[in-house]
Amino acid sequence: MSTLPKRVFTRRRLLNTGVTAAVVLPGLSGALKAQAREVVLYNWDSYIDPETIPAFQEETGIRVRYDLFASNDELFAKLRAGNPGYDVVFPSNDWVARMIAADMLMPLDHDRIPNLANIMPRFMDPRHDPGRAHSVPYFWGTVGLGYRQSVASPTSWGAIYTDETHAGRIAVQREIDTLLAGLKYLGYSINTTDPDEIEEAVQLLLRAKAGFKTFAPDTGQDLLLSREVDLALEYNGDVLQVMQEDDDLSFVVPEEGTILWEDDMVVPRGAPHVEEAHAFIDFVHDAENNARIAEWVMYPTPNAAAKELLPQEIVDNPAIFPPDAVLDRSEFALYQGEEIQQMRNDAMTRVLAG
Amino acid sequence: MLRRGPPPAPLDYTRRWWLRAWLALTFVFLYAPIAILVLFSFNDSRRNIVWQGFTLDYYVKAANNVSLLEAFSNSLVIAALSTVISVVLGGLLALALYRFRFPGRPAVEAANQLPIVVPEICMGVALLVFFAEVGWPRGLPWPLSLSNIVAGHVAFSFPFVAVVVRARLAGFDRAQEEASRDLGASEWQTFRRVTLPYMRPGLIAGGLLAMTLSLDDFVITFFTSGPDTLTFPVKVYSMVRFGATPEVNAASTVLIAITIALTVVAMRLQAPPKAGA
Amino acid sequence: MQSWREQPAAFFVFILPATLWLLAFFLIPLALIWVISFGERVGPVDIAFTWTLANYLDALDPLYLKLFWRSLWIAAVATAVVLVVAFPVAFAIAFAPPRAKPLLLLLVVLPFWTNMLIRTYAMLAVLRGNGYLNWTLEGLWEATRLLLTPIGLGWLTGERFVPLELLYNNTAVVFGIVYVYLPFMVLPLYASLERLDRSLLEASLDLGASQLRTLFAVVVPMARPGIVSGLMLVFIPAIGTFLISDLLGGPDSQLLGNIIERQFKAANNWPLGAAMSFLLLYVAFALLLVRAWLGARGLRDA
């Protein structure tokens, strides 16, 4: 194939003249690293408003590289073998606990994060990271039922687990939250270690399975919007996003209570820019910055000072800031060691495969 | 019977209406989602599930999304490198298996087909662990930073090329090679003028396959890439999980347009005068 | 076929690059996972290498075997469909005028250069309950109704249009596999059909055989290497697929690939994931070995 080298050459030439800036910069950045300060973030998509990063770069002179991941378990699997160069990562609470247990995180220097003072005391000493030694909360939220108001008005988890009215028009998550919500419906704690209680939940789900349209991989809200389903077990923020496009959709946290979750900012071991990482975390919790992000992502913020600055309609929206009565009945999922996790995951696998 | 033009000869299959219909139907089947994909890149809706209106905003957004562009160019470069290396490795392997007897032949053949069989996630994790254990250097300047991704892509692509080329070689008449040698040509000349041209359709088909595998790979690329090596499928995957905004469709449409353009150029450059190929 | 000793230089040039690459970037990484399959988890990331068979025993749980069987079945059906769809396509391209061939090949492969995830989302838009396919069918239904009502046959079409439930079931998964793996069958088929000796076909037709008979008696046997290759490139990877069943499948569509994926990610159980992957690999390797060995024997006898 004597013409092969020509083919490659032509491709490279075209690419080089075409996309020079985006392509040359990374190569140069190695040489310029000594001069430019940089921080590398690894976050969920659509989880920060478009103005914050440029504002941070302007205020501090630190360049930001922003990379995206799609799920906690992928993140963990990738970081397990070593940190490929991320400074700030945004895992969820139970995975933060796992990372702490696996010694994957750097302890944080609270002196470098003065804006921690803005955070509500309720969030400053969580069970998954006592004293916030390794993490700073970013946003938190609930799991609940998204629904189409004109055809459904659920108040309990029974609407998807025992009620047959909407059979075949229900989407649940492919993740373990579906099982945990089942535990809540049965009146048990989502962190129970009692095998009988877990088994009861498995049986409940296996019976309810006939009414599920699908185990959606994070797409429950899309199915609601496209009218494939009338009820969807989903995160509050996801449902809020589709509510903006369709007035007929709404969100409710069932009366039995629900699973609370929290996404944290952590600094994995081996992070190349520790000081810059702290600067970014501090920047995010400045009251004004945080309020701006919160308004955009539509998740409840743990930052008290920022909450003061939010418009009333967001603060009063029960889909964003659930009422205390609901919070009292809801729990965070705890990481209780690999064996318990194994038991829970096996239970979920049985529900999926059975 | 009245027909447009002369009736198809017995072997003129492509002119038969039923074959053409089948071909057309298949292409409709293949391209319907693509057409929707392109159409929805103009959709004025953040979640992009239902058509809301026409806009070019998302093309603008995509063009301004520096990391998306970077992921773009990375993916194209990786695909190009991977395809070239895979075609070479796969073609050579096919020749070896076709031509030579050697001890342990079935085992070597089967081993080289394992990458086709292995679950992708297993291979992704294997490469992750391997590169970590071996201490593969990180933070290399571009394009060396793509080296581990390319290595992985080649590893799972060249067996596909080998399989396709072997299928092609299975019909090769060795008498042609012998005739060439009898007429005084050297081994190398025989190879270049007799064997290689015969292999060409197989190599092209294999190359197209390798390119497809590389451009669309998510799992293995996810586990071998880092913050300085963004690739398109991984980037899209993480964006799409939280709302397939039209931006992603726009980027995909542009990627496909660029790839078509580049391939057409490559094929033009490659096509020698068709004298009895 | 000659012995390697007759031309050792050529032999090594041909075989070494691929084999060394395979060794370095496939076999050795895989060996690391193989060791993990005999390990035990201690804590969230550490694995103790105790050379235990517990993971393999866990992997042979009847629940997983049931999934394996389901995956085999779906993959087999999908592969058969792919073969039927791809054969005429490859045939048409092989017999097309030489200038059209590269273009047609490109057209076949092109859709697969779009990102699979977005393509699948687009497919969802086409196939879902109120998607474009059903929208078209509904339009046809209404048109039919409009035509039949004046002549009193309106009742034939029924009360309401019932959209086709094409998604979230195993049919959708088969459909998805066919869609994703089509080029993997078309390309090897094309490669082997391309070299088909036209004179044989002509001879067959001259001798009075019908087109169909010629197809089955002459074309298919000669395209066999391509068919076998295509089957291998489609069937085996299809068993391990997970993304398609994730997005298009229903509650009963969990496949082996999904479960293996879970072990490496959500369940964080690498030893079990490794054991399951290797069980699949042992079986596949055995099949490949048998095929390679039979192939070698056949050639020697020929």
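This report covers model confidence, chain contacts, helix packing and selected residues of a predicted model.

## Confidence

The model is predicted. It scores ipTM 0.82 and pTM 0.81. Chain C has a mean pLDDT of 83. In that chain, 96% of residues reach 70 or more.

Where pLDDT is low, the predicted coordinates should not be read in detail.

## Chain B

Chain B contains 11 helices and one strand. Read from the N terminus, its elements follow the order α-α-α-β-α-α-α-α-α-α-α-α.

The chain has 277 residues, and 55% of them count as buried. Take the contacts in chain B with a separation of 6 or more: 80% of these join residues 24 or more positions apart.

## Contact between chains B and C

Chain B puts 86 residues into this contact, and chain C puts in 85. On the chain B side, helix α4 (residues 105-117) of chain B gives the most, with 13 residues. By class, the side of chain B that touches chain C has 63 nonpolar, 13 polar and 10 charged residues.

One helix pair spans the two chains. Helix α1 (residues 17-40) of chain B and α3(C) have axes that come within 9 Å. They cross at roughly 115 degrees. The crossing of α1(B) and α3(C) is left-handed. From α1(B), the residues that meet α3(C) are L19(B), W22(B), L23(B) and T26(B). Their partners in α3(C) are V85(C), P88(C), V89(C) and A92(C). This helix contact has seven nonpolar residues, one polar and no charged.

## Contact between chains C and A

Chain C supplies 23 residues to this contact, and chain A supplies 26. Three helices of chain C, α3 (62-94), α11 (243-248) and α12 (256-264), each give at least two residues to the side that touches chain A. Of the elements of chain C, α12(C) gives the most to that side, with three residues.

The side of chain C that touches chain A divides into 11 nonpolar, seven polar and five charged residues.

## Helix packing inside chain C

Two packed helices are described by the angle between their axes and the distance between the axes. For α3(C) and helix α7 (residues 170-193) of chain C, the axes come within 6 Å. The angle is roughly 40 degrees. The two helices, α3(C) and α7(C), are therefore oblique to each other.

The crossing of α3(C) and α7(C) is right-handed. Their contact holds 25 nonpolar residues, one polar and no charged.

## A buried helix in chain A

Helix α7 (residues 177-185) of chain A has nine of its nine residues buried, so it is largely enclosed by the rest of the structure. The buried residues are D177(A), T178(A), L179(A), L180(A), A181(A), G182(A), L183(A), K184(A) and Y185(A). Just after α7(A) comes G187(A), with a positive phi of about 90 degrees.

Y185(A) also contacts G158(A). Beyond its neighbours within four places in sequence, G158(A) contacts D163(A) as well. G158(A) lies in helix α6 (residues 158-161) of chain A. It counts as partly exposed because it has 14 C-beta neighbours inside 10 Å. K78(A) is 80 residues from G158(A) along the chain, and their C-alpha atoms are separated by 37 Å.

Most residues other than glycine have a negative phi. Which way does phi point at R132(A), positive or negative? R132(A) has a positive phi of about 55 degrees, and it is not a glycine. R132(A) sits in the loop between α5 (93-101) and β4 (135-148) of chain A. It has 18 other C-beta atoms within 10 Å, so R132(A) is partly exposed.

M298(A) is not a glycine either, and its phi is positive at about 65 degrees. M298(A) belongs to the loop between α12 (287-297) and α13 (304-309) of chain A. Is M298(A) buried or exposed? The cut-off for a buried residue is 20 or more other C-beta atoms within 10 Å. M298(A) has 20 C-beta neighbours inside 10 Å, so it counts as buried.

Definitions and conventions: Residues are numbered from 1 along each chain as its sequence is written. Chains are lettered from A and ligands numbered from 1 in the order in which they are written. This is a predicted model: local features need pLDDT of at least 70, side-chain atom pairs count only at pLDDT 80 or more; totals for chains, interfaces and linings use all residues. A residue is buried if 20 or more other C-beta atoms lie within 10 Å of its own, exposed if 12 or fewer, and partly exposed in between; C-beta atoms are placed from the backbone. Helices (H or I, at least four residues) and strands (E, at least two) are DSSP runs, numbered from the N terminus. Two residues are in contact if their C-beta atoms, placed from the backbone, lie within 7 Å. Ala, Val, Leu, Ile, Met, Phe, Trp, Tyr, Cys and Pro count as nonpolar, Asp, Glu, Lys and Arg as charged, and the others, Gly among them, as polar. Axes are lines fitted to C-alpha atoms, for helices over the stretch in contact, and angles run from 0 to 180 degrees between N-to-C directions. Angles under 35 degrees count as roughly parallel, over 145 as roughly antiparallel, 65 to 115 as roughly perpendicular and the rest as oblique. A crossing is left-handed if the near helix is turned anticlockwise from the far one by less than a right angle, and right-handed if clockwise. pLDDT is the predictor's confidence in each residue, from 0 to 100.
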